[in-house]
Amino acid sequence: MTIQILWVDDEMDSLKSNIMFLENKGYSVETVSNGYDALEYIKNNHVDVILLDESMPGMTGLETLAQIKEFNSTLPVVMITKNEAENIMEEAIGSQITDYLIKPVNPNQILLTLKKILDKKSLVSEKTTQAYQQEFRKLFLALNSNPDYQEWCELYKKLVYWELEMEKTDSPEMMEIFASQKEEANNAFCKYIEKNYSKWINGKGNDAPVMSHTLMTEHVFPQLEKGKSLFVILIDNLRFDQWKAVQHKFADLFRITDEDIVCAIIPTTTQYSRNAIFSGLLPVDIEKKYPMEWKNDDEQGGKNLYEELFLKDQLKRNKLENIKFSYTKITNHDSGEQLVNNILNMVHNDLNIIVYNFVDMLSHARTEMEVLKELANDEVSYRSITQSWFEHSPLHQALKKIADKNVKLIVATDHGSARVKSPSKVIGDKQTTTNIRYKHGKNLQYENKEVIAFREPHEIGLPKPNFNSSFIFAKHDGYLCYPNNYNHFVNYFKNTFQHGGVSLEEMLIPLVKMESKS
């Protein structure tokens with residue numbers, strides 16, 4: 001289909017050579033000499049892009065631009081002017097022009113601008129596809145070179161980068177190739193965890209990462225600085241790709257000084273990983289030290305009610321009992337608004353912990369509500385909802401209020417989530433847990449190749465709820481269902497985002513350090 005261009009200029013005779021050039025390139029160019037005729041034309045004809053002179057008698061280019069945007073806010077407009085005054089440029093840019101050219105313009109300048117506007121998506125798609133094809137072999141070799149933990153972190157960052165880049169392409173074939181490579185990476189990562197996890201927990205692994213129970217001592221406490229308030233924002237269930245989706249909003253407010261990846265303990269659930277973060281202890285040690293506060297999966301009562309107590313004791317163990325700290329948990333919009341109203345008072349504290357639960361609630365609500373299943377039916381839409389939430393959240397509003405203060409900021413999470421697609425049958429007794437990404441119980445029966453199993457929970461830092469209890473964890477995109485009513489639960493949970501198991505998305509989680517730009 002021929003691209004329709006409307007050129008608005010009161011000196012069209014001087015532009016005939018440019019118009020002929022564009023028509024020879026296959027564009028269709030219509031011309032009018034003033035803003036009034038331009039508005040009349042676009043109301044009655046299809047136009048793909050407008051080339052608009054800034055300085056015209058009667059209605060100026062800027063006045064014409066305002067009315068064009070009022071009629072059709074998405075129509076691309078290129079402002080062409082002799083006037084290089086800064087205020088003219090700023091006003092044009094503020095009025096959402098697509099590009100800005102200074103007279104005299106040559107045909108190639110105009111052609112380049114048109115290609116940027118009209119062919120950008122296809123050009124970006126083609127370039128992204130070519131770049132990934134070149135990178136594919138490097139990633140393949142890296143996956144097969146027995147990577148250590150740091151190499152796994154770099155691999156995962158690259159996979160997330162290419163996943164985000166693939167959103168710009170229109171190639172189902174390349175998306176399929178990438179999905180296959182990511183699946184291969186997850187399968188290799190599960191083998192790596194199965195081989196090394198218990199060594200890390202028992203202090204025998206050479207490449208042991210910072211994990212949930214060492215996160216505060218390794219990353220948070222060293223950031224405490226006299227006279228500067230440290231805010232730790234723990235967004236529950238935030239995957240690395242979701243962080244990348246909101247990163248630019250944080251970068252608008254703060255200077256990012258370090259972007260790291262830490263490792264969530266398993267099970268990758270709030271009950272285990274977040275209690276480990278605030279206590280600085282593995283779950284088996286939390287149970288010993290706090291027998292009244294710790295609840296196993298099959299016990300009644302809240303599983304995350306004592307995080308502030310755990311944090312206070314961890315500060316004391318690290319000789320930080322004299323620092324002034326606050327702990328705030330946000331579980332609904334009203335408590336978020338209270339955070340907005342109170343955050344300036346927190347600047348006087350040495351340490352402020354803010355736990356924000358939205359992403360985890362989104363994940364669980366998506367499982368239950370059909371409308372959310374439609375809105376977040378894959379990773380792309382899941383990231384999009386996360387980005388939209390953050391942009392309009394009380395958390396974003398609160399951070400704006402402290403952006404110009406003398407503060408440090410850490411964004412972290414307790415675990416991520418995986419989109420589950422591959423069901424597995426598990427048989428257990430009545431005491432077996434109901435989580436579909438991990439289970440513990442006696443005499444569990446399962447397919448060995450579909451899970452990672454640990455018969456002795458203490459070997460991986462977990463309590464032993466009952467005699468002969470063992471833990472099994474779903475790998476990659478697997479989920480665990482009982483034989484009774486099997487088909488119902490298979491269909492109910494398929495393509496939902498779950499956590500508790502072993503995958504790159506659940507275990508390799510973001511930890512980002514920032515400072516105020518001032």
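Helix H7 (residues 149-166) comprises 18 residues and reaches 25 Å from its first C-alpha to its last, close to the 26 Å expected at 1.5 Å a residue, the expected span being 1.5 Å times one less than the number of residues. This is a predicted model, in which local features need pLDDT of at least 70 and side-chain atom pairs count only at pLDDT 80 or more, while totals for chains, interfaces and linings use all residues. Residues are numbered from 1 along each chain as its sequence is written, and side-chain values use heavy atoms, with hydrogens and water left out.

**Helix H7**
- The buried residues of H7 (buried means under 20% relative accessible area, with a 1.4 Å probe and protein chains only) include Tyr149, Trp152, Trp162 and Met166.
- At the start of H7, a side-chain oxygen of aspartate 148 comes to within 3.3 Å of the backbone nitrogen of glutamine 150.

**Strand S3**
- In strand S3 (residues 49-53), 5 of 5 residues are buried; Val49, Leu51 and Asp53 point one way, and Ile50 and Leu52 the other way.
- S3 pairs in the parallel sense with strand S1 (residues 4-8) over 4 bridges, and isoleucine 50 is the bridge partner of leucine 6.
- S3 also pairs in the parallel sense with strand S4 (residues 77-81) over 4 bridges, where isoleucine 50 stands opposite valine 77; strands count as paired if DSSP finds at least two bridges between them.

**Surface around leucine 305**
- Leucine 305, in the loop between helix H12 (283-289) and helix H13 (307-317), is exposed (over 50% relative accessible area), with a value of 59%.

Definitions and conventions. Helices (H or I, at least four residues) and strands (E, at least two) are DSSP runs, numbered from the N terminus. A polar contact is a pair of N or O atoms within 3.5 Å; within protein, one must be able to donate a hydrogen and the other to accept it, and residues adjacent in sequence count only if both atoms are side-chain atoms.
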